[in-house]
Each structure stands twice: as C-alpha cells, then as structure tokens.
Amino acid sequence: MLFGVGLARAITPSSLPIADSGQLVIAQAERSVLIDPNGDIDRVAPSFTLGRELYLENCASCHIGVPPGLMPSQVWRNLIRDRDHYGTTIETPRDPSLQIIWNYLKEYSRPAENNEQINYRVGRTTTFKALHPRVQLPDPVQLSTCIRCHPRADFFNFRALSPDWENAP
C-alpha cells in the first residue's frame, strides 16, 4: 500500500514528457495518447489528474477515451476489471494503477439511477442520449464515429465541435 502511495506521488503530470508541440504525451507500446493542454478539455482536481492520465494510457491507446460521466460508476467498476472487453481479451490495469484509475472514474462518473437500465454500450446510456437530443446517430453508435462531430475527441476533448455542429441551434 505504501509503495502505491509513493508511486502515485512520484509520477506527477510534471514528470511526464511534453512533445515539441507542447502537448502532453503519455507513451504507449502501440502509440502515444496526446492530451491537448490548450483545448477546451474538462478540468479535473489535481488529486485526480494521475487517474485521468492512467485511464487514458490504458484505455485510449486502443480507442477514443470515453468521458467518465457517460456511463454509471457501476459500469466503470466492472469494465476496468474485466479482461473480456467487448469480445477482446485485454490486459487489465493492476494495483496501484487500477485503484488510481477507479478513484478518477468513480469521482467523475455518477451512480446509476434507481430504475436505470445498466448499459455497457455508450450510445445506449441515458446520459449519452440526453447529450445528443438532435443528433441522428448510427445504430449502433461506435466510438470511432465520435470524431465526425468531435474533431478533437482523439485528444479527449469532446467540447470542440465540427463546423456543422458548432453553430447549430
């Protein structure tokens, strides 16, 4: 436990490499995940910054990072521990990283409503539907289609919209 706390304190955002463009780079074996420091990305409390970075390092190396608020905390708790990830076997994070990621996801997601159906597909969640009331979405919604309307989604920035949606009523 003490090792985990020490590790969490030792790995701070200031110790992570910065690319020539000024973007924070989280190195991956397969590719790098870039966080746009000048983008309109949702801010997190300093105590959860490492959790967000570890989440993106572990999850956004294969697909676009999903904002935690789109799915209930019950879903996140199961997803980060399950090696069978939507039909693909993955290496799940281990402690202390797992606990740090879980703390971030728990803080920035929400508990499911009493009568809410727990859904593991982002496009079918109550929150996703509420955020996209006028959008004609494909069925099923794929994470890869997010970038059509959110051109900075690969930088974990879902606030930036494509020109078609930027000035929409």
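In what order do the elements of the chain run from the N terminus on? I traced them as α-β-β-α-α-β-β-α-α-α-α. That comes to seven helices and four strands. For my own reference, helices (H or I, at least four residues) and strands (E, at least two) are DSSP runs, numbered from the N terminus.

**Ground rules.** I'm looking at a predicted model, where local features need a pLDDT of at least 70, side-chain atom pairs count only at pLDDT 80 or more, and totals for chains, interfaces and linings use all residues. Residues are numbered from 1 along each chain as its sequence is written, and side-chain values use heavy atoms, with hydrogens and water left out.

**Confidence.** I checked pLDDT next (the predictor's confidence in each residue, from 0 to 100). The chain averages 77, and 75% of the residues score at least 70. Helix α4 (residues 97–108) has the highest mean, 95, while strand β1 (residues 24–26) has the lowest, 40. Over residues 1–34 the pLDDT is below 50, yet beyond near neighbours in sequence this stretch has 50 contacts in the model. A contact means heavy atoms within 4.5 Å.

**Whole chain.** I found that 38% of the 169 residues count as buried. Buried means under 20% relative accessible area, exposed over 50%, and partly exposed in between (1.4 Å probe, protein chains only). Among contacts with a separation of 6 or more, 59% are between residues 24 or more positions apart.

**Helix α2.** I looked along this helix, residues 46–59. Its 14 residues reach 20 Å from the first C-alpha to the last, close to the 20 Å expected at 1.5 Å a residue. The expected span is 1.5 Å times one less than the number of residues. The buried residues in α2 include Phe48, Leu50, Arg52, Glu53 and Tyr55.

Most residues other than glycine have a negative phi, and most peptide bonds are trans. Which bond joins Asp95 and Pro96? I found a cis peptide bond there, with omega about 5°; Pro96 sits in the loop between β4 (88–89) and α4. The bond from Asp139 to Pro140 is cis too, with omega near 5°, and Pro140 is in the loop between α5 (126–131) and α6 (146–149).

Then I got to Phe156, which has a positive phi of about 65° although it is not a glycine. Phe156 lies in the loop between α6 and α7 (163–166). Why does Phe156 count as buried? Because its relative accessibility is 10%.
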